[in-house]
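Hi everyone, and thanks for letting me talk today. Please have a look at the structure on the screen, and then we will walk through it together.

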Amino acid sequence: LQKSSTIRKRLPWRPSAVCVSQNSFDRDNILLLLSWIAHKQGFGTFIHLIKGYYSNSNALKANEMQEILINKAERIKSNVYIDTIVSPSYTSAIAQIIQLPGISGLENNMVIFEFDKEKPDNLHQIVDNFALVSSGENDVLVLGSSKKPVNYKKGIHIWIKSSDAFNANLMILMSYIITGHPSWKNSKISIFNVCKKENMGETKERLLKLINTGRLPISEKNIQMIEANESVSIQNQILKYSEEAGLVMTGFRSERIKHDGIEVFKGFESIGDILFVN
């Protein structure tokens, strides 16, 4: 991102994202996200998991489900590549898909997990397989899906904390790519940067330099500096300022997964879709 001076013409890096899900027929959130990514500047592969061993009956089932999912993708005018996989476990499926070549002809560089915020039954699977995915040096995104419709007019809210500022590049670039989709036309990108009061000036200057270097369409007036307060968690700040946002992005560190497990992704039920970025 920092090396690019012509980002509108050609991105220095393009996301080639892959996701595997068993909940393809329950909700469309992850398919929508992939379609936003794949519309203009990136590539998306969606794989439906059929748990079991490969057999004639499962192969027929996979083909039938693939046709249904392709029709679903066509209804939302998605450029996402749709496929199915038969595998005895979620972990074995993950191990397979991270080795698949991307549809661009290059390796996939991003793996996206997804869970239902109201019924996060598969969060343990995500946490248990995080180390496996990150060992391949992939960017890892976790989408917390909401039943709320996407409020495109309220735009994308990016939350940056001093503890994981290294995720800022990816979040800002991903927001730019996503808003290239027609559904996000005229939507704005808002950045909320939480830091200590004495560091606000320096932090904002560094952030503006990052945005200007990449020539990203983010106005300075859409950057809000928020003073870090030990008595108010970042989670509560997000719930306060981003309740109506179309999409919320926030970073997370690998160390937090090891320490806090599934708690990293819980507590955001009252807002819409939230994308955790590593």
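**A walk from the sheet to the loops**

Let's start with two strands: strand S1 (residues 16–21) and S2 pair in the parallel sense over 6 bridges. Before I go on, a word about where this comes from: this is a predicted model, in which local features need pLDDT of at least 70, side-chain atom pairs count only at pLDDT 80 or more, and totals for chains, interfaces and linings use all residues. Residues are numbered from 1 along each chain as its sequence is written, and side-chain values use heavy atoms, with hydrogens and water left out.

Helices (H or I, at least four residues) and strands (E, at least two) are DSSP runs, numbered from the N terminus. Two strands pair if DSSP finds at least two bridges between them.

Back to our pair: Val 20 stands opposite Ile 47 in S2. Strand S2 (residues 43–51) is also joined to S3 by 7 bridges, and S2 and S3 run parallel. There, Thr 45 stands opposite Tyr 81 in S3.

How do you get from S2 to S3? S2, helix H2 (residues 56–75) and S3 make a right-handed β-α-β unit. Right-handed here means that, with the strands pointing away from the viewer, the path from the first strand over the helix to the second runs clockwise.

Is strand S3 (residues 81–87) mostly covered or mostly open? Mostly covered: 5 of its 7 residues are buried. Buried means under 20% relative accessible area, exposed means over 50%, and partly exposed is in between (1.4 Å probe, protein chains only).

Let's zoom out. The open sheet has 10 strands with mixed pairing, in the order S3-S2-S1-S4-S5-S10-S9-S6-S7-S8. At its edges are S3 and strand S8 (223–227), each pairing on one side only. On average, neighbouring strands of this sheet are turned by 25 degrees against each other, direction ignored.

**The helices**

A quick note on angles: axes are lines fitted to C-alpha atoms, for helices over the stretch in contact, and angles run from 0 to 180 degrees between N-to-C directions. Contact means heavy atoms within 4.5 Å.

Helix H3 (residues 90–97) lies across S1, S2, S3 and S4, running at about 135 degrees to S3. H1 also lies across strands, among them S1, S2 and S3, and runs at about 155 degrees to S2.

Two packed helices are described by the angle between their axes and the distance between the axes. For helix H1 (residues 29–38) and H5, the axes come within 7 Å and cross at roughly 85 degrees. H1 and H5 are therefore roughly perpendicular to each other; angles under 35 degrees count as roughly parallel, over 145 as roughly antiparallel, 65 to 115 as roughly perpendicular and the rest as oblique. Which residues meet here? Leu 33, Trp 36 and Ile 37 in H1 meet Met 174, Ile 177 and Ile 178 in H5. Of the 11 residues of H5, 10 are buried, so H5 is largely enclosed by the rest of the structure.

In helix H2 we find Asn 58. Asn 58 is buried, with a relative accessible area of 15%, and, leaving aside its neighbours within four places in sequence, is in contact with Ile 50, Gly 52, Tyr 53 and Val 86.

**Rings and a loop**

Rings of Phe, Tyr and Trp (its six-membered ring) pair if their centres lie within 6.5 Å; planes under 30 degrees apart count as stacked, over 60 as edge-to-face and the rest as tilted. By this rule the count comes to 11 aromatic pairs. One of them is Tyr 152 with Trp 184, edge-to-face at 4.9 Å centre to centre, with 85 degrees between the planes. The two sit 32 residues apart: Tyr 152 in the loop between S5 and S6, Trp 184 in the loop between H5 and S7. Tyr 152 counts as partly exposed at 22% relative accessibility, whereas Trp 184 is buried, at 1%.

Finally, Asn 186 is also found in the loop between H5 and S7. Is Asn 186 buried or exposed? Exposed, with a relative accessible area of 74%. Most residues other than glycine have a negative phi. Asn 186, however, has a positive phi, near 70 degrees.
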